[in-house]
Amino acid sequence: MEEPAVDTLLELDRTLLWHPYGAMPAALDPLLVTGASGVRIEVALPDGTRSELIDAMSSWWSAIHGYRHPVLDAAVRDQLGRMAHVMFGGLTHRPAIELAARLAQLAPEPLRHVFLADSGSVSIEVAVKMCLQYWRSLGRPGKRRLLTWRGGYHGDTFHPMSVCDPDGGMHSLWRGVLPEQVFAEAPPDGFEGEPSSAYITHLADLMHRHAHELAAVIVEPVVQGAGGMRFHAPGYLKALRELCDEHDVLLIFDEIATGFGRTGRLFAAEHAGVAPDVMCVGKALTGGYLTMAAALCTPRVAEGISRGDVPVLAHGPTFMGNPLAASVALASIDLLLDPAARGGATWQADVARIESGLRAGLAPARGIPGVKDVRVLGGIGVLQLERPVDMAAATAAAMRRGVWIRPFRDLIYTMPPYVTPQDDLARVCEALTEAAAACH
Ligand code: PLP
């Protein structure tokens, strides 16, 4: 069958399809992707040519092994030969059971009970529901607010939106509609160094004042992603753990972006050596192949819920525990953890290689007018500008280098697949630097 012209497809796209944070009809055409392999996506341009772009975004943190990985392709194909989907109410299957066992084994102790959700936002909804229901079951239904710090991002459904950054954040238009939460200041910038005692006093003060109405504290550990790509010292997580214990408040870590090695530890909480009561993972869970996330909780939370007058966790999406997604998630975790399957390198070595490549490759950007800050942690590299990014100019400059980026606000950043070869990584760094220069 003849392929429709790129223009024809884009015209339909513009008038029919909403894209993330998009207008209807769309103001800017997206790129038409026709395939993806290794660390590259292939795009069809309106002039009839095709172009390959290195994906510096790992499809928003998820494609940590790149695209069309033979091991992951095989996992999906193999599972497809058995069943693509089956309802999870009253039925179960081996991929979901084995995935739960693997997550429980890898997650910080004592997280061990696993809810398989179908997106990151839904896993946050489930995490919040777990905490609210826990206190309700214990006869303290007044404990139903959340404390978070400013500058966060936890997703696009209603509870996640209520704990996103309330000011500069993407969901400020919903102020007055969302549940009212308690906001601490964002933690001071910088991964290195000792935590500020003044900031911990600020947290302690808020916890002291609001503990009676707080179900949980929810934060992104170590890296605040879509809220501003900021890094903070792990010591604040330890302080939060202590404050939560002292004030009888649960602690949720949102590891949806940071989980599975992105910050140099399997889970970012490991930098602090503390475990939350509930932890959410998503994105890289399936290596970016299929939509699945998970909320893990401790026996304390699960037992609390089961003591209530409604002793079940009342949540059960149609596609819960999807076998294709669970199979590829298992394969992705195995691929991450098995150096033999990764050409001999551990994932830690791969992420450390990406980190040092980003440090060296992005350092020259410090000298570019209009660049306010350059920061790198694990497989994450960020250029922060003094002014908002000129999206069109920045993406065009990166594309001239053969690299796909998706800047936002004043940030041009990358979190490339862990398997990105050295020369491609160098191109990613040049592309980011040139994108920053193009905004001046
Ligand atoms: N939490 C964090 C830290 C995220 O970065 C995201 C997505 O960017 C989410 C939650 C929401 O996940 P999803 O987009 O899968 O709903």
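UniProt lists K283 for "modified residue: N6-(pyridoxal phosphate)lysine" in an unreviewed entry; UniProt positions are given in the numbering used here, feature names are shortened, and annotations may be inferred rather than shown by experiment. The model is predicted: local features need pLDDT of at least 70, side-chain atom pairs count only at pLDDT 80 or more, and totals for chains, interfaces and linings use all residues. Residues are numbered from 1 along each chain as its sequence is written.

K283 lies in the loop between strand 11 (278-281) and strand 12 (293-297). Helices (H or I, at least four residues) and strands (E, at least two) are DSSP runs, numbered from the N terminus. K283 is buried, with 28 other C-beta atoms within 10 Å; a residue is buried at 20 or more such neighbours, exposed at 12 or fewer and partly exposed in between, with C-beta atoms placed from the backbone. Residues up to four places away in sequence aside, K283 touches W60, W61, S62, G120, I256 and A257, where contact requires C-beta atoms, placed from the backbone, within 7 Å.

The feature "binding site" is placed by UniProt (unreviewed entry) at G120, S121, D254, P317 and T318. These positions span 199 residues in sequence and the farthest two C-alpha atoms are 23.2 Å apart, so they do not all gather at one spot. G120 is found in helix 5 (residues 120-137), and S121 is also placed in helix 5. G120 counts as buried because 30 C-beta neighbours lie inside 10 Å; S121 is buried with 21. Beyond four places in sequence, G120 touches G155, I256, C280, G282, K283 and A293, while S121 is in contact with G155, D156, T157 and P160.

Of the 15 residues around the ligand, G120, S121, G155, I256 and A257 come nearest; a residue is near a molecule if its C-beta atom, placed from the backbone, lies within 6 Å of it. Helix 5 gives the most to this shell, with three residues. By class, the shell has six nonpolar, seven polar and two charged residues. Ala, Val, Leu, Ile, Met, Phe, Trp, Tyr, Cys and Pro count as nonpolar, Asp, Glu, Lys and Arg as charged, and the others, Gly among them, as polar.

The domain assignment gives domain 1 (31-61 + 343-438) and domain 2 (73-337), with bounds from an automatic or database assignment. Their centres, taken over C-alpha atoms, are separated by 27 Å. In total, 18 residues of domain 1 are in contact with 13 residues of domain 2. The side of domain 1 that touches domain 2 has twelve nonpolar, four polar and two charged residues.

Terms used. Two residues are in contact if their C-beta atoms, placed from the backbone, lie within 7 Å.
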